[in-house]
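This report describes selected features of a predicted model. It treats helix packing and then strand pairing.

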Amino acid sequence: MDESRVVRTRRPPPTREGPPYRFGSGYVLREGQVLTAAHVLIAADPAVPETAVETVRVGDRCSVATWASLQAAERDDAIHWEEGVVAAVDPESDVAVIAVPGVGSGLPPARLGVMVGSDAVAWSAVGFPNAGITDRGREAEQARGETDPITESFDKRLGLTISSREASAPAAKGSGWSGLSGAGIFAGECLIGVVTADPRGWERSLSGVRIVRALAHPEVGAALDGLAVEHLAPQAGGNDADADEVRVVGDRVSAAVIKWRDRDELREWLRGMLIAGQPITCIYGRPGIGKSAVVAKVLTEFERADPARSPMEDLDGLVYLSTRTGAIPLTAALVFERVAELASDDDAHELSLKWTNLDVQAFSSLWNTLRRRRVVVVLDHLDDVQDAQTLQLTDERLVETLRSAVLAPSSPRIVTTSRERLSLPPDLLASVEMRELRDGLTSADGVALLRSFPDPNGSIGVESDDRLAQIVGLVEGVPHGLELVASNASNDRSFIGKLLAVTEAPEAILERLVSRNYENLDDPSHHIVGLLAMARVPLPESAVPELLAGMVDPELAVATLGRLIDARTIAYEPKPSPAPGIVRLHPLDADFVRQTLLEDERSLQKQLDGQLADWYRAQRTPPASWRSASDVGPNVREFEHRWRAARDPHERTAALAPLAEAAVQISRKGEGRQLLTAITRVEKEITDPLGLLYLDKCRFAVEFFNGSLKNAEEIARSAIGRPTDGEGAALRAEMRQSLGAVLRHRGRTRESSEVLQQLLDEHDDAVERSTLVLALLELGLSLCYLGEWDRARSVADTLEALAGEDADAESRARVFDLRSLACLGDGDYAGAIAAATEGIAEYASTTSDDNIGYLQNVRGLAHLYRGEVEAAVAEFTEGMSVAERYGQRRLEGFCALNLAWCALARASWSEAETIALQAADCLTMADTSDSSIAAHLVSALRDQSRDHTTLTTILGAAARMSRQNADVYNPGDEEVSRLAAALAGR
């Protein structure tokens, strides 16, 4: 249940305003519609009996107070009430529906539920009982307990036991629960009925009516038509996978989902495209025309499962992504991560590791994993990543994302929005539908929209439909333009008349509306709107007062924010409890205000960006906990705001720090180009040594993970030569460790070991512990490649001591990983198997469980060196399975190469050739020289001479090359001769 949809109801006397009033509770079902009990709408008149439900009629006046209004009011007499009328009533079941224009804007339809079976079901309801009356007014109360499908089922009512606190009457007569009547009764997320009475004869009980009885009434049933009804059947011992299936990921791309009157033809066209499985649908049009809103409006229908909906007309996986809503910029990595959230936890983990190993090639695995789902991915505001001249996407990896979707056998549906038509490569065009959203709302829809907005001074209400239709024409029906008209009119009763006298073009009028709306704000409103404009992305509503600390009094900030939401200057989107709702500006307003601040209000801009940077700094998490691209979102946002607020060299250097910290994670996730773009934009303004080191760290990460190892080496050498102290000294040490790593990857293991050993010998307290751990790990691996097994074992012991007794599982696993390889090379095969087994157990409880395959390969090698071929085959096969699952081409190649040696040992010539070819392919794709070992095995197996000397030469060359890599089987000379003889005599 979403308590933000709970309302209080109020009914005045039949012919005048109150007091007196009759109060009750209710629940917002969808935009403009509240469900309640009929008896709380009996006119507040002493002459009308309190039980005269039959006197409630359609059209009777009443009002409701929303949860937000009730929270904001300090006393009952300060509550803002929304006027409504009774839209449907069933006196016999005691249920009514109230029509209240504007209430529930942006909310998805509520889900209705029907209990089946006989098991007890937990229920809850939130309302405003008499027992909750305080000096402030009525407090909300959540009642809860159990009900079941059997009790009172003949009459389709609900018998509700209460396990929460009992409500005692505040006076001598009456029920303490009075006032809770009309509250929606929920079982889980489904509304199953309405509270109607505190029954006599039953203690700690309430009575309600089932929603199925209300639906059976012609009038009420018609009012509730279209709401999904679900059967709440218990599934004893069943599979809960479907219940736990994620259906929606991300924030809606528009908060104006239900408020505005959309174009029916366009909505039906887009819905048809999606149901039919159109791979890519691009909607484009001028700012404010409603592109994002129409997409969100169509998809809102599918955010909740509906058992009555045909599976062939369902869209059961929605992913909302936008350049204006994400924690980090919209990239291929972010698209992959967000879509992967639709998968099960196990599949999502596997997909995450595949992305790390395969980058954009992992999209094929993603779409295959979700092949039984009907997925829609929304990429909103792509104009932010569109070249202004060519109209092409500036990020080629996003184009690859689109291409992967088109090529998938079970293609997802991708919807894009942009201001200009996207220019896409020719090979994609056959799979793309383009639609320009050119026309705004019709006059009738535009007038209806204007009349739906809050009208505190009555300036819209007094206008005729003809004059309002002229207003619609002036802004060409642009929905946001009409929002701005209503907002301006709320501050100026004569605004409509002034606007009708304007003769400018629609674009100029729209710009003037935005400008005037901003200029009319008082100082607190000015700061709040400026904050959201500089933020660029939605912010939690609860964070706004904190972000404006020292600029706006917190209580004033809360009140002002509420007023701006009511006036629709700011859009508000509620979230399921306990998550706070989010607030945002329309992109048209945000762009104008941000530009104004940057050009004309630099002092305020610096202050707001500084506040945002500090807030994002508090959101940052330790690098050791990072797993996804979005984990570094706070670092990226802090950099953006701190850089924009920077005015001197010291501030500019400080702005680079969070970006440098995130550089490895950004590049590891394949988004090095985005990082390079960011540092290229700012590098000319960085002059001090620490700032230059930050730039070096960023460039190194880009080259190491996404570019050239040669370039990475040059950058690392340049960095360690920079004169710095303090924080710079620690960063230089980190770059020295990075140099050791890149040298090992380039095959220069002797140089690598020397660089790393020097770092470990000369380090001081300024060096981070994490740097020393990585240096030891790299040194140990280099020593294994060099065959210095005793030193490698000693390094493993040092690494274990540094990790300490309270080391986490991943740190312990690294120690066993290194020790197993050292034991293997030193001929201690039992020790290698034991250490690898310990490492596998530790890795299994971490997010680095893809490393298990390497340790299975070590165990296989130990068995093979001991002549235990079948045991070795089992280990290598398991290692290959892990490699294939996580897209580890290098590991897959090692295991395949070792299996080829096993097949040779078993004289399985055909199998050996097949697996050696697979090894060659994998190692070639992994860009490692070990592919030549596999090529030599293939050559030997295909040799037709059957000459022992020739075969010995070929296999001997393969064995010599294997000595440079402890992960590959290295047969001795006698073994090579024996295998050559077997091959010659086959």
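## Packing of α23 and α24

Contacts between helices α23 and α24 involve L656, L659, A663, I666 and S667 on the α23 side, and G672, L675, A678, I679 and V682 on the α24 side. By class, the residues of this contact comprise eight nonpolar and two polar, with no charged residue.

Helix α23 spans residues 649-668 and helix α24 residues 672-682; their axes lie 9 Å apart, and the packing angle is about 155 degrees. Because angles over 145 degrees count as roughly antiparallel, α23 and α24 are described as roughly antiparallel to each other. Their crossing is left-handed.

## Packing of α25 and α26

Helix α25 (residues 689-706) and helix α26 (residues 709-720) cross at roughly 160 degrees, and their axes come within 8 Å. The pair is therefore roughly antiparallel. The crossing of α25 and α26 is left-handed.

From α25, the residues L693, D696, R699, F700, E703 and F704 meet L709, N711, A712, I715, A716 and A719 of α26. The contact of α25 with α26 contains eight nonpolar residues, one polar residue and three charged residues.

## The six-stranded barrel

Six strands with antiparallel pairing close into a barrel, in the order β1-β2-β3-β6-β5-β4. From one strand to the next, the twist averages 40 degrees.

Within this barrel, strand β1 (residues 6-11) pairs with strand β2 (residues 22-30) in the antiparallel sense, over six bridges. R11 has R22 of β2 as its bridge partner.

Definitions and conventions:
Residues numbered from 1 in each chain as written. Predicted model: local features only at pLDDT ≥ 70, side-chain atom pairs only at ≥ 80, totals over all residues. Heavy atoms only, no water. Pairing = 2+ DSSP bridges. Helix = DSSP H or I, 4+ residues; strand = E, 2+ residues; numbered from the N terminus. Axes fitted to C-alpha atoms, helices over the stretch in contact; angles between N-to-C directions. Parallel < 35°, antiparallel > 145°, perpendicular 65-115°, else oblique. Left-handed = near helix turned anticlockwise from the far one by under 90°. Contact = heavy atoms within 4.5 Å. Nonpolar A, V, L, I, M, F, W, Y, C, P; charged D, E, K, R; others polar.
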